[in-house]
Amino acid sequence: MIPLSWYLTLSAGLFSIGLFGVLARKNAVAILLGIELMLNAVNINLVAFWRYGDPAMIVGQVFAIIVFATAAAEVAVGLALIISIYRRRKTVVADEIDMMKW
Amino acid sequence: MTFLQIIFLLFAAVILGSALMVVTTRNMIHAALWLIAALFGVAAVYALLNAGFLAVVQVVVYIGAIAILFIFAVMLTRREMRDKGPQLNKNWWMAALISVVTFGGLFGLLSNWAGFSKTAAEIPAGLDAVEQLGIALVSPDAYVLPFEVASILLLAALIGAVYVAFNKE
């Protein structure tokens with residue numbers, strides 16, 4: 001059998017890679033891609049804890065479903081913002097989107 | 001090393017390799033396609049964890065909707081960024097350091113936890129996880145409220161996305 005530690009290590013690695021993408025990429029769409037990776041890492045954790053805890057308690061899967069819905073909402077709004085900014089400013093570089101910088 | 005472990009390591013390599021390509025590749029369309037590979041690997045991990053329904057939802061919602069939305073967004077915005085200039089900002093080494101520290105911190109924290117090397121619990125005989133999940137999502141004793149809140153969140157995001165991306169001219 002696969003020990004729980006393998007899933008947790010995989011999830012920690014995926015989360016760290018996504019974090020790197022969020023912090024280091026210039027393209028705003030690429031930042032959202034990094035967030036997707038991080039959300040998937042969280043979901044692997046939730047499902048692994050459901051399976052290795054008490055499978056009769058379904059809460060891990062319920063939380064994973066809620067994370068799916070949240071990810072879909074976040075991507076829809078995020079991409080709409082990026083497209084709107086691109087239309088006005090002709091850029092998707094996060095450093096150049098500084099209208100709210102004081 | 002059992003067969004399942006080999007399968008897991010294979011998919012873990014696919015996930016981590018694709019994720020690395022997502023955050024490093026120059027071409028954004030390729031990044032979105034690598035994201036699809038990573039999401040598919042995650043779906044396989046769900047299947048390994050006996051969460052078949054979530055594996056299907058992962059393929060339908062993440063690969064079928066979210067990844068395709070990303071490809072559309074890249075196609076609508078890529079002219080400016082295409083393959084010119086660095087794709088990483090000048091503090092990328094700091095980001096790499098933070099990521100490595102995060103991974104080390106998480107791994108260190110987890111390896112000190114007693115349940116770290118736990119093996120899977122037996123699935124009780126006659127447990128239908130999909131049925132349980134469906135009941136839990138609509139039962140007032142369980143998670144009907146978070147379910148409704150999620151649906152309102154999706155509706156709000158839908159209206160917000162249409163409003164934000166709407167071209168007034």
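Biologist: Why is F103(B) called partly exposed?
Modeller: F103(B) has 28% relative accessibility. Buried means under 20% relative accessible area, exposed over 50%, and partly exposed in between (1.4 Å probe, protein chains only). So F103(B) counts as partly exposed.

Biologist: What sort of model is this, and how is it labelled?
Modeller: This is a predicted model, where local features need pLDDT of at least 70 and side-chain atom pairs count only at pLDDT 80 or more, while totals for chains, interfaces and linings use all residues. Residues are numbered from 1 along each chain as its sequence is written, chains are lettered from A and ligands numbered from 1 in the order in which they are written, and side-chain values use heavy atoms, without hydrogens and water.

Biologist: How many aromatic pairs are there over all chains?
Modeller: The structure holds 6. One of them is Y7(A) with F8(B), at 4.7 Å centre to centre and 70° between the planes. Rings of Phe, Tyr and Trp (its six-membered ring) pair if their centres lie within 6.5 Å; planes under 30 degrees apart count as stacked, over 60 as edge-to-face and the rest as tilted. The pair Y7(A) and F8(B) is therefore edge-to-face.

Biologist: What makes this pair join two chains?
Modeller: Y7(A) sits in helix α1 (residues 4–24) of chain A, and F8(B) in helix α1 (residues 3–24) of chain B, so the pair joins two chains. Helices (H or I, at least four residues) and strands (E, at least two) are DSSP runs, numbered from the N terminus. Y7(A) and F8(B) are both buried.

Biologist: Why are F103(B) and F107(B) called stacked?
Modeller: Their ring centres are 6.1 Å apart and their planes stand at 25°, so the pair is stacked. F103(B) and F107(B) are 4 residues apart in helix α4 (residues 92–111) of chain B, and so separated by about one helical turn.

Biologist: Is F107(B) buried, exposed or partly exposed?
Modeller: F107(B) has 34% relative accessibility, so it counts as partly exposed.

Biologist: Which residues form one aromatic cluster?
Modeller: W6(A), Y7(A), Y52(A) and F8(B).

Biologist: How do you know that chain B is more spread out than a compact globule?
Modeller: Start with the fold. Chain B has 6 helices and 0 strands. Its radius of gyration, 20 Å, is well over the 15 Å that the globule rule gives for 169 residues, so chain B is more spread out than a compact globule. The radius is taken over C-alpha atoms; the rule is 2.2 Å times the number of residues to the power 0.38. Along its principal axes, the C-alpha trace of chain B spans about 60 × 40 × 30 Å. Of its 169 residues, 33% count as buried.

Biologist: How do you know that L54(B) is buried?
Modeller: L54(B) has 0% relative accessibility, so it counts as buried. L54(B) is in helix α3 (residues 52–77) of chain B.

Biologist: What does L54(B) touch?
Modeller: Not counting residues up to four places away in sequence, L54(B) touches V47(A), Q61(A), A64(A), I65(A), F68(A) and Y46(B). Contact means heavy atoms within 4.5 Å.
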